[in-house]
Amino acid sequence: MPLYLSRFSYTPETWARLIGHPEDRAKAAQAYIESVGGKLHGFWYAFGTHDGYNLWEAPDNVSMAAVALAISGGGALSSFETTVLLSVDETLAALRRAEQIQYRPPGA
């Protein structure tokens, strides 16, 4: 199954709610991804540009997109970005295929 890395940031209102009522949001994230047949591999909070990171496994892009849309639509986040991760083998296969593509730069 494909792996996905998500970066998220909470709204100030969400942080205020969590301060008033601390809870383990990894459990919620796990339930979301399991509902589409996936698995949560990790949930981390961080300092910096994003408040946290998730590593997910999902059956396909549509399943992961559904989870991302449900979370984003919930209103607790100010940002949510997801990147599809490629294995080394997948990248090598893409490199081999790229060699077969006759790319022409614009204006050439």
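**Strand pairing, salt bridges and a surface patch**

In this predicted model, Ser9 touches Thr49, His50, Asp51, Leu77, Ser78 and Ser79, leaving aside residues up to four places away in sequence. Ser9 is found in strand 1, and its bridge partner in strand 4 is Ser79, one of the residues that Ser9 touches. With a relative accessible area of 8%, Ser9 is buried, since the cut-off for that class is under 20%.

The pairings can be followed one by one. Strand 1 (residues 3-10) is joined to strand 4 in the antiparallel sense over 8 bridges. Strand 1 also pairs with strand 3, again in the antiparallel sense, over 6 bridges. Within this second pairing, the bridge partner of Arg7 in strand 3 is Tyr53. Strand 2 and strand 3 are likewise antiparallel, with 6 bridges between them, and Lys39 has Glu57 as its bridge partner in strand 3. The hairpin of strand 2 and strand 3 has 6 residues between the strands, and in this hairpin Gly48 takes a positive phi near 125°.

A search of the whole structure finds 2 salt bridges. In one of them, the side chains of Arg7 and Glu81 meet at 3.2 Å, N to O. This pair links distant parts of the chain, with Arg7 in strand 1 and Glu81 in strand 4, 74 residues apart. The two partners fall on either side of the 20% cut-off for burial: Arg7 is buried, with a relative accessible area of 15%, whereas Glu81, with a relative accessible area of 35%, is partly exposed.

In another salt bridge, the side chains of Arg25 and Glu23 meet at 3.0 Å, N to O. Here both partners count as partly exposed: Arg25 has 26% relative accessibility, and Glu23 has 47%.

Finally, the surface carries a nonpolar patch formed by Trp15, Ile19 and Tyr45, which together have about 340 Å² of accessible area. Trp15 is found in helix 1 (residues 12-20). At 34% relative accessibility, Trp15 counts as partly exposed, because that class lies between the 20% limit for buried residues and the 50% limit for exposed ones.

Notes
Residues are numbered from 1 along each chain as its sequence is written. This is a predicted model: local features need pLDDT of at least 70, side-chain atom pairs count only at pLDDT 80 or more; totals for chains, interfaces and linings use all residues. Side-chain values use heavy atoms; hydrogens and water are left out. Two strands pair if DSSP finds at least two bridges between them. Helices (H or I, at least four residues) and strands (E, at least two) are DSSP runs, numbered from the N terminus. Patches are made of residues with over 30% relative accessible area and no salt bridge: like charges are joined within 9 Å, nonpolar side chains (Val, Leu, Ile, Met, Phe, Trp, Tyr) within 5 Å. Accessible areas come from the Shrake-Rupley method with a 1.4 Å probe; for residues, only the protein chains shown count as cover. A salt bridge is a side-chain nitrogen of Lys or Arg within 4 Å of a carboxyl oxygen of Asp or Glu. Buried means under 20% relative accessible area, exposed over 50%, partly exposed in between (1.4 Å probe, protein chains only). Contact means heavy atoms within 4.5 Å.
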